[in-house]
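Please look over the sequence and the model below before reading on. The paragraphs that follow lead from one part of the chain to another, and a question opens the way.

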Amino acid sequence: MKDLSFDTKAIREGYRTTQEQEHSEAIFLTSSFVFDSAEQAAKRFSKEESGNIYARFTNPTVDAFEKKLAALEGSEACVATASGMSAIFATIMALVESGDHIVASRNMFGTSIVLLNTIVAKFNVEISYVNLGDLSQWKDAIQDNTKLLLLETPSNPLGEVVDIAALSKISQASNVLLAVDNAILTPALQNPIALGADIVIHSATKYIDGQGRCLAGAVLGSEAIIEQVSAFTRATGPSLSAFNAWIVLKGLDTLSLRMKAHSDNALKLANWLSQQDQVEKVHYLGLESHPDYALAKTQQSGFGGIVSFEIKGGREVAFQVINATEMLSITANLGDTKTTITHPASTTHGRLTDKEKQQANITESLIRISVGLEEVHDVINDISKGLLV
Ligand SMILES: *Cc1c(COP(=O)(O)O)cnc(C)c1O
């Protein structure tokens, strides 16, 4: 389906019906598959014949999700995983060896940092952190044993950005793999592989599901890379369940419409917040005042749904603002149809030391909103309750 547009692929790619002629993709809730004969079983196991064997390896519903997401990211291959964290872990375990070195962005999802520091480090893998947008820091951090650069762009919650194409030139010159966690924008708004990245990682739990229903993840890249990552998931078991695969598969149908609506609502909210006396500063990539606005425009086709702002006063006032909302969900999750509100310094970034928070610009007065798909005026009205107290 090469010539079709993004929105058409998001609906049609990977679609395959069974002899029952169902129109919506079937959910194959089965752990294993049967063979016509002992000979066929032998052929499947020896890979002489392709086909399903066991759901830790492949499942038709999971396969449909992988094919569709690969088409949307413009990658050769995809392996789905049980969560975003297992996607990141599988990538590292498949491609990095004891004695290797990883350079990672300091501004990543908190658990990604915990994974590197507490689990990956146990396997004698060295890790260095750099500031996301600073290309010279990335370049200087690369050593002879560096295997992988790992980052998220834009960062959450402040929306910092790195120039993916420029960084990919640096990684290619050093023969290092570049992996981009694309959960915040999704392929509807950014295609890291087209910009030169080798690997794209997803927490499909966020916008790809988009309705807060399940955990799911994926790793995308060349056939050669994904073969290694799926060898890891086949042997260790963080495979995506058929039921969750079906949810995220159906999520992709409406991804582009939803990402546009999240972005439109977020921009309206960010503009409104910018005009409020009680608000010290608004961080939203779609505002021309954001320092990365111009760069973001060159590599993203939208700015996404995460808005954060600093309120005048510290933690106490930030808590008052959050507690005064009546409709918004106080939760650390993001990428849902429901707007969520959280205080990063005491939740998502609560494990950081004071110094690390300072380095990452996570202040006590910072509030993060993952703007949902409600009518944005209702969201604004709800937030204004807290600003008036
Ligand atoms: C949530 C998130 C993850 C982790 O994904 P899970 O599905 O919760 O395991 C990784 N990266 C980013 C950017 C995220 O937002």
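Which exposed residues does helix α2 carry on the face turned away from its buried side? The model in view is a predicted one, and in it that face of α2 carries A38 and E39. Helix α2 itself covers residues 38-45, and its buried residues are Q40, A41 and R44. Viewed along the axis of α2, these buried residues fall within an arc of 100 degrees, so they line one face of the helix. Just after α2 the chain reaches K47, which takes a positive phi of about 70 degrees.

The loop between α1 (6-12) and α2 holds L29, a residue that counts as exposed because its relative accessibility is 66%. L29 takes part in a nonpolar surface patch of about 290 Å², which is made together with I27 and F243.

Strand β7 spans residues 217-221, and since five of its five residues are buried, the strand is largely enclosed by the rest of the structure. In a regular strand the side chains alternate between the two faces of the sheet. In β7 both faces are covered, with G217, V219 and G221 buried on one side and A218 and L220 buried on the other. Strand β1 (residues 77-81) pairs with β7 in the antiparallel sense over five bridges, and in this pairing T81 stands opposite G217. Strand β6 (residues 199-203) also runs antiparallel to β7 and is joined to it by four bridges, with H202 standing opposite A218.

The cysteines raise a separate matter: how many disulfides does a search of the whole structure find? The search finds zero, and for C78 the reason lies in distance, because its sulfur is 14 Å from the closest cysteine sulfur, that of C214, which is too far for a bond. Seen from the other partner, C214 is in no disulfide either, the nearest cysteine sulfur being that of C78 at 14 Å. C78 is buried, with a relative accessible area of 10%, and C214 also counts as buried, at 9% relative accessibility.

Charged side chains do form links, and here a general point comes first: side chains of opposite charge can pair when their charged atoms come close. A search of the whole structure finds ten salt bridges. One of them joins K68 to D253, with the closest N and O atoms 2.5 Å apart. This pair links distant parts of the chain, since K68 belongs to helix α3 (residues 60-73) and D253 to helix α10 (residues 242-253), 185 residues apart. K68 counts as buried because its relative accessibility is 0%, whereas D253, at 24%, counts as partly exposed.

Another salt bridge connects K147 with D100, where the closest N and O atoms are 3.0 Å apart. K147 lies in strand β4 (residues 146-152), while D100 lies in the loop between α4 (84-95) and β2 (101-105), so the pair ties together parts that are 47 residues apart in sequence. Of these two partners, K147 counts as partly exposed at 28% relative accessibility, and D100 counts as buried at 12%.

Because R315 lies in helix α13 (residues 315-324) and E364 in the loop between α14 and β12 (366-370), the pair ties together parts that are 49 residues apart in sequence. R315 counts as partly exposed at 35% relative accessibility, and E364 counts as partly exposed at 30%. Salt bridges also link E326, D382 and K385 in a network.

A last stop is S346, which has its place in the loop between β11 (340-342) and α14 (354-359). At 30% relative accessibility, S346 counts as partly exposed. Between S346 and F57 there are 289 residues in sequence and 39 Å in space, taken from C-alpha to C-alpha.

Definitions and conventions
Residues numbered from 1 in each chain as written. Predicted model: local features only at pLDDT ≥ 70, side-chain atom pairs only at ≥ 80, totals over all residues. Heavy atoms only, no water. Disulfide = S-S within 2.5 Å. Buried < 20%, exposed > 50% of the residue type's maximum accessible area, 1.4 Å probe, protein only. Helix = DSSP H or I, 4+ residues; strand = E, 2+ residues; numbered from the N terminus. Pairing = 2+ DSSP bridges. Arc of directions from axis to C-beta. Patch = residues over 30% accessible without salt bridge, like charges linked within 9 Å, V, L, I, M, F, W, Y side chains within 5 Å. Areas by Shrake-Rupley, 256 points an atom, 1.4 Å probe, with all protein chains shown as cover. Salt bridge = Lys/Arg side-chain N within 4 Å of Asp/Glu carboxyl O.
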